[in-house]
Amino acid sequence: MNEKIVSWDDLHLFLAVAREGGLSPAARVTGRSAATLGRRMLALERSTGRELFIRHERGYELTAQARELVEDLTGIEARIARLTAHPGETERPLVKVSAGTWTTLALLEHLDEITGTPADIRLRFVSAEATLDIARREVVIGFRNARPTGDSLAGRRLSRVEFAPYAMPGAPERWIKVLADTPSARWLDRMVGTDAVCEVNAPRNSLDLALAGQGIALLPSFIGDRQPALRQTGSTIPELAHDQWIVTHQDDRHLPEVRRTIDRLCRVLGRR
C-alpha cells in the first residue's frame, strides 16, 4: 500500500462487495447504494495502489490481488469485531451455507432445528449448483459431492446420495430435462438428447412438473422418496451415486456458531 490513509470502513465495504459478488447484492447487505459502493471501491483502489476488480457487465470479478486482500482481512475483521463488540451484545452470528437445490430443499424443512429454538444463529442459504470457494470465505459451510482436497479445508462425510426416476401414477413416460451443469443433468442430456417435451433450467422445476403429472423427473432418492404422490419408476442410476460431504475452513470449524451449525446439519441429514 502507498502512504495514503486507508479507512477500515472502506475495507469493510470491500469485503462485502467481494463476498456478495457485486455492487447490487453488497448494497442490500451494507445499506449503501450501489453508486456509493462503486465510488468507494474506486477510491480504495487508488489509495491502496492495487487493481482489485475486473469490471464487466455481469458484475465485479476479483483480481488475484483482491483475493489476497480478502484473505488478509478475514482474520483482522474477526478480531476487530471482538474488540468493538459491546458488553452483553446478543446479535446472532451469521453463518452462510452453500448447497445445491435438492440439499437446500431438504434442509429448509428443518429450519428451526438448524437455527435453534430460540434461534442462536442467523442462517443464510446460498442455493447454487456451482461450487463456492470456502477457502476464500465466499461461504462458511458448503456441501460437496467429494472429499475436500484443499489443505485449508476440513470435511465430514455424510450419507450416500442416489438418483432415480420418479413420476405420478399414470403420468406420460417422457423425461423432464434439466439444463444445468450437474452430473444428473449431464446424464439426462446423454440419455434424452433433444427428445424431451419440456426443458427447465432450475432443477426444482422438474420436481414441480413431476408432481403436476407431466412426466418423469430424475431426483435424488432423499427428495423423491419423501413425495407421497410420486412413485419410483425405475432403478437407481449407479454412475450418479456419490458420498456427500459437509465442508468448512480449518480455521472456522471450531468457532462455536459454526460447530453448532455443522452438528445440527449432520443430525438433520442423518435422518434422511
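Me: Where is R40 found, and why is it called partly exposed?
Reply: R40 is found in helix α3; helices (H or I, at least four residues) and strands (E, at least two) are DSSP runs, numbered from the N terminus. Buried means under 20% relative accessible area, exposed over 50%, and partly exposed in between (1.4 Å probe, protein chains only). At 22% relative accessibility, R40 therefore counts as partly exposed.

Me: What kind of model is this, and which atoms and numbering does it use?
Reply: This is a predicted model, in which local features need pLDDT of at least 70, side-chain atom pairs count only at pLDDT 80 or more, and totals for chains, interfaces and linings use all residues. Residues are numbered from 1 along each chain as its sequence is written, and side-chain values use heavy atoms, with hydrogens and water left out.

Me: Which residues is R40 in contact with?
Reply: Contact means heavy atoms within 4.5 Å. Leaving aside neighbours within four places in sequence, R40 is in contact with D9, D10, L13 and R32. By comparison, the C-alpha atoms of R40 and S159, 119 residues apart along the chain, are separated by 45 Å.

Me: What makes α1 and α3 roughly perpendicular?
Reply: Axes are lines fitted to C-alpha atoms, for helices over the stretch in contact, and angles run from 0 to 180 degrees between N-to-C directions. Angles under 35 degrees count as roughly parallel, over 145 as roughly antiparallel, 65 to 115 as roughly perpendicular and the rest as oblique. The axes of α1 and α3 come within 10 Å and cross at roughly 115°; α1 and α3 are therefore roughly perpendicular to each other. The contact is made by D9, D10, L11, L13, F14 and V17 of α1 and L37, R40, M41 and L44 of α3.

Me: How are the residues of that contact of α1 with α3 classed?
Reply: Ala, Val, Leu, Ile, Met, Phe, Trp, Tyr, Cys and Pro count as nonpolar, Asp, Glu, Lys and Arg as charged, and the others, Gly among them, as polar. By these classes, the contact of α1 with α3 has seven nonpolar, no polar and three charged residues.

Me: Why is α1 called oblique to α2?
Reply: The axes of α1 and α2 come within 8 Å and cross at roughly 125°. That angle makes α1 oblique to α2. The contact is made by L13, A16, V17 and E20 of α1 and L23, P25, A26, V29 and T30 of α2. By class, seven of these residues are nonpolar, one is polar and one is charged.

Me: How do you know that the buried residues of α2 line one face of the helix?
Reply: In helix α2 (residues 23-30), L23, A26 and A27 are buried. Seen down the axis of α2, these buried residues fall within an arc of 110°, so they line one face of the helix; the arc is that of the directions from the helix axis to the C-beta atoms. An α-helix has 3.6 residues a turn, so residues three or four places apart point the same way. The buried residues of α2 pack against α1 (8-20), α3 (34-48) and β2 (59-62).

Me: What follows α2?
Reply: G31 follows α2, and its phi is positive, near 80°.

Me: What makes α5 largely enclosed by the rest of the structure?
Reply: Seven of the eight residues of α5 are buried, so this helix is largely enclosed by the rest of the structure. The buried residues are T101, W102, T103, T104, L105, A106 and L107.

Me: Why are α5 and α8 called roughly perpendicular?
Reply: Helix α5 (residues 101-108) and helix α8 (residues 203-211) pack at an angle of about 70°, with their axes 8 Å apart. α5 and α8 are therefore roughly perpendicular to each other. The contact is made by T101, W102 and L105 of α5 and P203, R204, S206 and L207 of α8.

Me: Why is R264 called buried?
Reply: R264 has a relative accessible area of 12%, and therefore counts as buried. R264 is found in helix α10 (residues 256-270). Not counting residues up to four places away in sequence, R264 touches E113, I114, T115, G116, D120 and I121.

Me: Which peptide bond is cis?
Reply: The bond from T117 to P118 is cis, with omega near 0°. P118 is found in the loop between α6 (111-115) and β4 (122-127).
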